[in-house]
Amino acid sequence: MRSSIISLLACVVGITTLLLPLTLGVKEEDFKKCSQSSFCRRLRSIATKQEAAPSGTFTSPYTLASPIAVADGSWKWPLASSLYPEIRFELQVDILAEGDGIARIRIDEIDTKSQFKRYNETAKWALVDPDPSLSSSAVLKSSSGKSSISYGPSSSKLSLDIQHSPLKIIQLRNGKPEIVFNERSLFHMEHFRNREIEKTAEILSDSEQIVLKGDEQDRSWFEESDVDAFQETWKRWTDSKPKGPEGFGLDLTFPGVKHVYGLPEHASPLSLPDTTGSNSHYSDPYRLFNVDIFEYLADSPMSLYGAIPLLHAHSVDHSVGVLNLVGSDTFVDVRHDSDAVRTHWVSESGIVDVLLLPGPKPQNLFEQYAQMTGPTPLPPQWSTAYHQCRWNYNDEDDVLTVDKKFDEHDIPLDVTWLDIEYAADRKYFEWNQNAFPDPVRMLDAVASKGRKMVAIVDPHVKKSDSYRIYADTRDLDVQVKKSDGSNYDGWCWPGSSIYVDFFNPNSWAWWTKMFDLKTWKESTNALFIWNDMNEPSVFDGPEISMPRDNIHAGGWEHRDVHNINGMLFHNQTAQALIARESPAKRPFVLSRSFFAGSQKFGAIWTGDNMGDWEHLAGETAMLLSNNIAGMVFSGADVGGFFGNPTPELLVRWYQAGAFMPFFRAHAHIDTKRREPYLFDEPIRGYLRDIIRLRYQLLPVWYDAFHDASLTGSPIMRPQYAVFPGDEQGFANDDQYYVGDSGLLFKPVVQEGAETAQVYISDNQPYYDYFTNQLYPAKAHQTLTLQTPLSTFPLLIQGGSIVPSRQRVRRSSPLMWQDPYTLTIALDKDGQATGQLYQDDGVGYGYTNGEYIWRSFNFDGKTLKSTPKSAGSSPIEKGIVPYDENNNWAQLIAHVKIEQIIIFGLNAQPKSITSDNVELPFTYSPGVASNGKKEGKSSVLIVKNPGVGVVSDWEILFE
Amino acid sequence: MSLIALIPILALLALSSRVLAEKKIITPDSIRGLDPALYNKYEPNSSNTFQCLDGSKVIPYSAINDDYCDCPDGSDEPGTSACPNTYFYCKNEGHIPGKVLSSRVNDGICDPECCDGSDEWFTGVCFSQCSEIGKKYRAEEEIIRKTRKTGSKIRGTYIKWAQGEKNRIEADLEAKKKEVVEKEKEVERARIALEKTESSSKEELEKKKKSPIYKSLLDHRLTLTRLRSKTQRLENELNSLRSILEELAKGYNPNYQDMAVKAAVVGYEELSGISPTPGEESEGDVKEEPKEEEIKEWELDDLQRKDLEALLWEHSPADEEDGDEDEESGLLWKIDEYIPDSLYDSWETLRDLTIEWLIKLGLSGKSKIVKGSAAEGPHVAAAREKHRNLGNELKKLNDAITDSEDTLQRMNTEFGPQAEWKKLDGTCVDKVSGDYTYEICFFGKTKQKSNKDGSSNYMGTFAEWNTAATPGTYDYYTKQLYNNGGRCWNGPLRSVQVDLSCGKENALLSISEPEKCEYQFRVTTPALCWPEGEGEESDVKVEEDVKAEAIKEEL
C-alpha cells in the first residue's frame, strides 16, 4: 500500500530517485517485541537462566506453609519467596462444583504496605459467575511439605498434588500427571516495590544485579535488573508506571502431549509451533495484547485484535486446558520436548487466576470452558446468512442499487453494511445528511425484502461540544482518563477523540439509551451494529493504542484491563440492542477486539487481512483456533480487506467464506468494487452458486449454532476435536467439519490448484456433496479430489443426514416456510442419523420452548423423525424442552420435507411407504455404502414424501 | 409481515394444498403462472404426460405444478417456487403482464412486477394493485414519450445548427485554402530577398570573430548555459517534491492511521507557511521574499541571448559615435531579430516592458529607436522582419485550416450521427452535491469545486464514447469517458464515466463515486432524444423529470 502511493506519485512527476526502499504490509516496528517490553524481558530471562543452569540446580525461591481451609472446596496457603522474605504472598485453590472438576488457582500479594493493589477483576468480566460455587466433595489431605486434594466426578479421579517447597502443583488424573505448575521453577510474582529505594539500588548496582540498601542478598540468579522497571520509554511514548514492576510469570507443563492449541488470536498454525528452544518456528513468544494491526503477517506470533488466554493440551488419551484470567499484556513461550510441552506465560500486571480444565476429551474442554465463560447464544438466524460490506457504500442510492443488483442477478443477500463514511465527520449515530437524507426510508426499503443493515459505531468519540455523544460522556464523566486524572484524548478516524470508559457502570444505562429507537430516531429495528477499533485503536498512541498508564473506573490502569476493554464495549452494545425492543429480539453486534467471554455478545472477524493467497490460506487455522476457544461466531473479510484479488482468488475466497460461521464480504475503500454481480460469467455464476449453497445449507449452520449455544462446541471442528484419538490428524488445520452435520470441508487456497487432498480419519465412506462420488470406508486415508475453480472439497461423512433447503430466496427470513430436503449418506452399515433445529430466528421464544428440534434416524429399513432433547451435559440443564404444540411449531406445521435423497443403498427398495401410502421414488444404481471401490454412489430420491418437520413420522423402505 | 396474522390463512391453505396439487388440470390456461405464449406446449396428450420443454424427461401431466421440481429446466413448475431459475407469469389485468423469478413465488413480498399478487397464491398477502400501478405506469410512459418528443425537437435544432455550422466552415475552408497558395508564393519571394541581403555582410564578420575576447565570451556562455540547466534541473526537482508534498497535504487520506504521513504534512505546511488550521485552506503558494541578490531570469536570458556577433559589429569604430545612450535599448532591438518565431510573442512583451522600464528609470533616452541601428544595418533587419511576418501569417492560415478540417472530421464521427453534439461542444452543466459542485463541459473538462474553500480538482478530459458499443449506434452515445484528471492521494488519476440519457435539458442529475476517484455522472441531454422510428428506438433511454412529474401528477 505504502509503496504504491509513493511510486505512483513518483511516476507522475517522473522522478525515480525518490523510490526509497519500502516495506510492504505491517510495520512490525510499531509493535513491541518481548525484548522491547520491560516486564517480558525481565520475566522471560528467568527461563533463560533456568536453561543455562546445570541440571537440578535451579530451584524456585517460592515455598508454601501449611494450608488453611477457607470453605468447602477452598484452601489457602501462605506463600513466601526467599528473595524477599518480608513480602507475603498467598496461594488459594478452589475446586469448582461445576465442570467435571475444575481447579482454580489464585496467587496474590497480601498485607502489602504498598498503596497499590494488583488487578483482580478479570474473572468478573470473563466468567459467567466470577465466584463459581465450590465443590463440597473435594478432600484435602496435608502432611508435612505436601498437600493433596482429591476431587472430580467419580469417573475422573482427579487430584492436585501440591508440593510446598519449592512450590509445585501437579494435576493428575487417575494418578497420571497432566498439568504441572512450576515444574521448571519459573513462577515469579513481582511484588510492589518502593521506587526510591530501587532507584538508589540501580545506581549502586552493576548492570546485572540489584543490590538493595541494607540487604546483601544477591537476587540476580533469578531477577534481572531493569532500568525500565519504574518508567519505560518506547519510541516517543513514556509509560509512567506509578506502580513499578508488578508482572508475573507462570510455568505450565503438559506431560505426555505433543500438541497444544489455542491462545487466539494469532496468524499461526492451529497446533502451536515452538517459540523457544532448538526447534523454534518463531523467535518471539505468542503475544496476547489487542492491537489494531495494519496488513498483518500471515504467519507470526504477533498479537492481533483479540486475546483469549486459553490453551488446550492434547494427546491420544487425554486433553486438558488452562484458562489464565489475565487482561494485561501477556507473552507465552511454547516448547515441545519429547516428554511434554512446556509453556511459560509472562504478564505485565494482575493476580494469578488460573482455571485448570480437566477434560479428558476436547468436547469436555469445550463444555467446561463454556460453563465458565458462557456459550455463544443463538444469533439471529439471518446473521448466519450472507453479508455484503464495503468501505463504503456511499449513499442511499448506492445502498439501494447494491440491494437491487443482488435481486437482478438472483443472488441472495441478508445484510448490507455501512462503514465509517455514513457518519457525518465520523460522529457515529449522526448520518451524513447529504448522502443519507432519510435513513429510515432507506432502512425500510431494505427491510421490505426481509433484509437488514449494519452500521458502524466505534468506541472513540469525536471531541466536539456540538456532538451529543461527546457532550454526554463529558457530562456523565465516563471518559477514560490520563494518568494525571484529566480526560484522555487520542487521534482516531474523527480526529481528536475521547474514549468511553465502559468499565464505568455509569456508562451502561446511558449507552443503552443511545440505541433506543426513540433516542436514535434515525434508526430502525432493522439496523444492527458493528463495533470496530475497540482494541482500542488510537492512531497516535503507543502500539496504535492507549497509554498503559491511562486510568479506568475504579482507578485501574489501562495496562490491567487492556485486553478486556474491547469486550465490554461489545457487551454494552449487545445489551443496548436487546433493550431497544419489547419483546426483545436477539442482538447482532460484530466486534473486532475480543477476550474470553466475548462469544456471549456476538460475532468477531479476523480484521484487516490482505487479498492474497497467503492470507486466504491462513484464515482457516485462525478461525479454527477461535472456534476451539469458544469464539465460534467468527469469519474473515471475504476477498481480503486490502488489495484487488484476481477473479480466481475471489472465487476461492467465497468458497472459504461460505463455510465460515460469519460470512461477510468486505473491502477497503481503495479497492476496486467486487460485489459478486459485477463479474462476467463464469465467475459471476460461481460466486452466485457458492452464496446460494450457503443459503441451502443454512439449516446445517443453524444446527451448529444451536449445538454451540448448548455445549460450547465449535462450529468449525478441527480434525483433533472430532477424532481425538487419531494422532495423524492432530496437526491438521486446513480442513474441518461443520458442527456435527458430517459435512467435511476444505478450502482450496492455492492458485491454479486442480486438485486438493482431504484427510479422512475414520473408517467410514465419504460422499462428494456435489457429485455423490463415494469414497469407500478406509481409516487414515488421504483422498485426492478434482477441484477446478467451479468446485471444492465438500464431503458428507457416511452416517449423516443433512437437512437443507433447496429453494433459495432473496433473503433468508423469506425461506421460513419453505420445504426441506434430507440428504442421507449411509455409513458402512447402511445407517445414518441427523438433526434439525428451527425457531423463529429472531426472538427469545425459544427460551420458552418455542422451537422444533428433530432427530432423524435411518436404520436401514426405517427412517424416523422423533423429538430431540438436550443432552446430559451439565451445561444443557435448564434448557426448556419443547412440545409439538408450541406456537412456533404450529406456525410451521405445514412446512414439509419435499425430498429425501439416500446415497449408498445397496439395492433398490421394492416399496417405500408412509402411513401405508406408497411413495413415488426414483433409483439410480451405483456403489453401495459398504462397497469397496470408489465410484458414483447409488442414489434414491423420494419425491414429496408427504411428511412435515414438526411431527413424528416413519417411512418404511422394503 | 406479521406471522401471527398469517396463521389462519396458512393453516387453511396447508390443508388444501395437497388437494389442490392433485386436482387434475384440464387446459393449459388453468396452469398457474404459465406464460400464454407457451400454452401450446402444455396441451394435455392422450397418455396424460408432459414432456419437459428441454426434452429431457417425460413426466405425468399431474406432476405439473405439484410443487416438486421434476424437470431439470423447471418447465414443470411455472406456478410454484419448486424449481430455480424459472419464471411465474402474472396476467396483471389493468396493467401490462409481467413475470417474476420462481424464487419470488410465495415469498410473502408483493412485487410490483406481479401487481395482481397472483404469485403470492399461498401466502395470500398481496391484493391486486394493477389498476393503480398501471395508471402510474401509463402516466410515466406518457411523460417519457413527451420528454422524448420535446427533446427530439430540441435535438432537431442542434442538427440544423450543426448543418449551418458545417456549411460555414466548409466555405471558410475553401477560401483559406486559396489564400494559402498566394501566401506561400509571397513567403518564398521574401526568403530570397533576405538571403541576398545577408550574404553581403557576412565576410566582414568572420574577421572579427578571431579576437580572443570573443572566444572567452563563448566560453562564458557555455558555462552559463550549463549552470542554468543545472539550476533548472534542481528547481524542477524542488517543484516536483513540493508538488508531491502539496498533493499529499491536500489529498492525504486521514483514514490511514499513519502518523508518518501526518508528520510529513505538518512539516510541509510549516515549511511553506500554510496555517495548519483546518478550514483555512491556503492556495499552497510559497511566499517568496524577493531577495536583492537574486538574479532575474530575464537577465540571464539576456546574457545568453546576447548576439555576440552583433556585439562584434557594435565595437567597430564606425559605430562609436552612436553614444551610450541608446545602447541598452538598441541591444534589445538587435536581440529581436534572432529570437526564434515560436518565442517571438513572449519575447516581444518582455522587450517592450524592459524598454518602458529603462525609459522610466532614465537609463534609456527615448522610445524612438531605430531598429537594426547597430549590427547589420537596417536593410538586413527589414528583410528579416518581412520574411518572418509573412511566415507567421502563413502558419496561422494553415493552423486555421487544420482546425476546420479537424472540426469537420469530428462532425462526421464524434459529434453524433447528425453532428447534433457539435452544439454542445464546450457547453457546461453543473450540480451541487455534498461539499462539492461538480461541473462537466461536454467534450472538454470536468471539475470538482469545493463549496467550502473554492479549491478545485480536475477530474478529467473527454477521452471517448462508449467503446463497448459500435460507433454510430444509439448505445455508443450513451456513455462518455473523461479521464486523466488529477491524481488522488493514494489513488488513481481521477476519471468520470458519464451515463447519458434523453432529457429535455442538458443537466447533470447525479454524481457518485463507486470507487475511489472514479466517478459516475448521470447526465440528460436532448441530443440523445432520437425521434421515434430512428435508430433502435426501443432502447432510447429517457430520464430527467419522470419521477418529479409523476409526483406532481400524484399530487
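Modeller: Happy to. In this predicted model, strand β26 (residues 489-492) of chain A pairs with β27(A) in the antiparallel sense, over four bridges. The two strands form a hairpin, with two residues between β26(A) and β27(A). To find the pairing on screen, look for Trp491(A), which stands opposite Ser496(A) in β27(A).

β27(A) has another partner as well. Strand β25 (residues 460-462) of chain A is joined by three bridges to β27 (residues 495-499) of chain A, and these two run antiparallel. Here you can look for Lys462(A), whose bridge partner in β27(A) is Ser497(A).

Further along chain A there is an open sheet to set beside this. Seven strands of chain A make it up, in the order β34-β35-β36-β41-β38-β39-β51, with antiparallel pairing. Its edge strands are β34 (716-717) and β51 (935-936) of chain A, each of which pairs on one side only. At the β51(A) end, strand β39 (residues 773-775) of chain A pairs with β51(A) in the antiparallel sense over two bridges. Leu774(A) has Gly935(A) as its bridge partner in β51(A).

Leu357(A) lies in strand β21 (residues 352-357) of chain A. Is Leu357(A) buried or exposed? Leu357(A) counts as buried because it has 28 C-beta neighbours inside 10 Å, and 20 or more is the cut-off for that label. Leaving aside residues up to four places away in sequence, Leu357(A) touches several others, among them Ile102(A), Val320(A), Val322(A), Leu365(A) and Tyr369(A). By contrast, Met514(A) is 157 residues from Leu357(A) in sequence and 39 Å from it in space, C-alpha to C-alpha.

Chain A also has a helix to visit. Helix α13 (residues 683-696) of chain A has 14 residues and reaches 20 Å from its first C-alpha to its last, close to the 20 Å expected at 1.5 Å a residue. Its buried residues are Tyr686(A), Leu687(A), Arg688(A), Ile690(A), Ile691(A), Arg694(A) and Tyr695(A). An α-helix has 3.6 residues a turn, so residues three or four places apart point the same way. The cover over the buried residues of α13(A) includes β22 (386-388), α12 (647-657), β33 (663-665) and α14 (698-711) of chain A.

Now turn to the other chain. The contact between the chains takes 31 residues from chain A and 28 residues from chain B. On the chain B side, α1 (3-22), α3 (212-251) and β11 (507-515) each supply at least two residues. The largest share of that side comes from α3(B), with five residues. By class, the side of chain B that touches chain A has eleven polar, ten nonpolar and seven charged residues.

Over residues 426-531 the chain is 56% strand and 0% helix, with the end C-alpha atoms 24 Å apart. The annotation "coiled-coil region", also from an unreviewed UniProt entry, covers residues 159-251 and 380-414 of chain B. Over residues 380-414 of chain B the chain is 94% helix and 0% strand, and the end C-alpha atoms are 49 Å apart.

Definitions and conventions: Residues are numbered from 1 along each chain as its sequence is written. Chains are lettered from A and ligands numbered from 1 in the order in which they are written. This is a predicted model: local features need pLDDT of at least 70, side-chain atom pairs count only at pLDDT 80 or more; totals for chains, interfaces and linings use all residues. Two residues are in contact if their C-beta atoms, placed from the backbone, lie within 7 Å. Ala, Val, Leu, Ile, Met, Phe, Trp, Tyr, Cys and Pro count as nonpolar, Asp, Glu, Lys and Arg as charged, and the others, Gly among them, as polar. The expected span of a helix is 1.5 Å times one less than its number of residues. A residue is buried if 20 or more other C-beta atoms lie within 10 Å of its own, exposed if 12 or fewer, and partly exposed in between; C-beta atoms are placed from the backbone. Two strands pair if DSSP finds at least two bridges between them. UniProt positions are given in the numbering used here, feature names are shortened, and annotations may be inferred rather than shown by experiment.
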